[in-house]
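Hello,

Here is the structure you were going to look at. My notes on the contents follow below it.

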Amino acid sequence: MQTLEQRIQGIAALGAMLRDYFLYGKEAPIYAEVEAAVEKAEQQNAWFDRENCLFALKHWAGLLKEDGLRTWLSPYTIAEKTPKQVALVLAGNIPMVGFHDLLCALLSGHKALVKLSSNDKVLLPFLVKKLEEIAPEFQGKVQFTEEKLHDFDAVIATGSNNTARYFEYYFGQKRHIIRRNRNSVAVLTGEETPEELFLLGEDIFRYFGLGCRSISKLFVPEDYDFVAFFEAIYPYHTLLDHQKYVNNYDYNKAVYLMSLFQLLENGFLLLKEDEKYASPIATLFYERYKNIPSLLQRLETDKEQIQCIVGGAAIPQAVGFGQSQVPSLADYADGVDTMAFLNSIN
């Protein structure tokens, strides 16, 4: 039986292989395979451009280190057990968005039956293939399927609010984690430096704003002036080089203007005053607040709609500017401890 120590070392070896790619470039043994996988991923889904695929791979390369894995797992008592079959229904909004669920399943000692999103069918199977080559004891631990899921003991399913109702009906009799739509927000006070606002652009524009940790809404003071914000994020105007992003910007701008909505914009980002959290691509909603205490109460009331909050020291538990897209291993989606859930399945 594969031990936890073997699992940690195998996954750490995968991380080391990925780090070699970023450290040595063409000299790395894995270079050609990574390049081919990234090119194929972009061909399959134009939103998964080279820059964002490599960003995701580099982030995981940094996380998959032996000491980091041990620190993450240290609060859990992971006993050796007969592996159960865990079904994973993965989203496909950003590259490898389901890798953390797969990692939890494998490290907790289970097998994974994976249903990939049609938008993300390349990078995760590539990583599994490399893992099996590096650590043969992982062979047979991951099965990808396009068929209807059956013969599983637990399930983690991620989707929209609409698909979540289907998941509840279909998977309700099994042990499960079912995730719905969530969005992320940033809180500005007007005291932010140009550097902080520039970093906020990373939280907004990384993955074209398609991630649940992408900032889709700003909360700003009643007298907030957006001039400094627009100046700070101007370097992100290179988004205009991406045709799908431009198409969404043009379309949403036309729809809003025809509806006579008041907009603020800078040529590549639309700002619309709106109480909702989920904004369209190339659009950021904003809402003005009277004071921090009342805003904190609002955020607590709406916490089931919010994935993470970016802000400064005035906001408890806020993620720092520029940090929303680099979660740690212990940053669980929707705040639900995936590892504890999987570790409890015997």
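Between the two domains, 10 residues of domain 1 are in contact with 12 residues of domain 2, contact meaning heavy atoms within 4.5 Å. This is a predicted model: local features need pLDDT of at least 70, side-chain atom pairs count only at pLDDT 80 or more, and totals for chains, interfaces and linings use all residues. Residues are numbered from 1 along each chain as its sequence is written, and side-chain values use heavy atoms, with hydrogens and water left out.

Domain 1 covers 4-178 and domain 2 covers 183-311; the bounds come from an automatic or database domain assignment. About 1,000 Å² is buried between domain 1 and domain 2, with 66% of that from carbon and sulfur atoms. Buried area here is the accessible area (1.4 Å probe) that two parts lose on being put together, summed over both. Trp-47, Asn-52 and Phe-55 supply 57% of what domain 1 buries against domain 2, more than any other three residues.

One salt bridge is counted between the domains, a salt bridge being a side-chain nitrogen of Lys or Arg within 4 Å of a carboxyl oxygen of Asp or Glu. Glu-51 and Arg-206 form a salt bridge at 3.5 Å, N to O.

On the cysteines: there are zero disulfides, where a disulfide is a pair of cysteine sulfur atoms within 2.5 Å. The sulfur of Cys-53 is 17 Å from the closest cysteine sulfur, in Cys-212, and so too far for a bond. Cys-212 is in no disulfide either, the nearest cysteine sulfur being that of Cys-308, 7.7 Å away.

Regards
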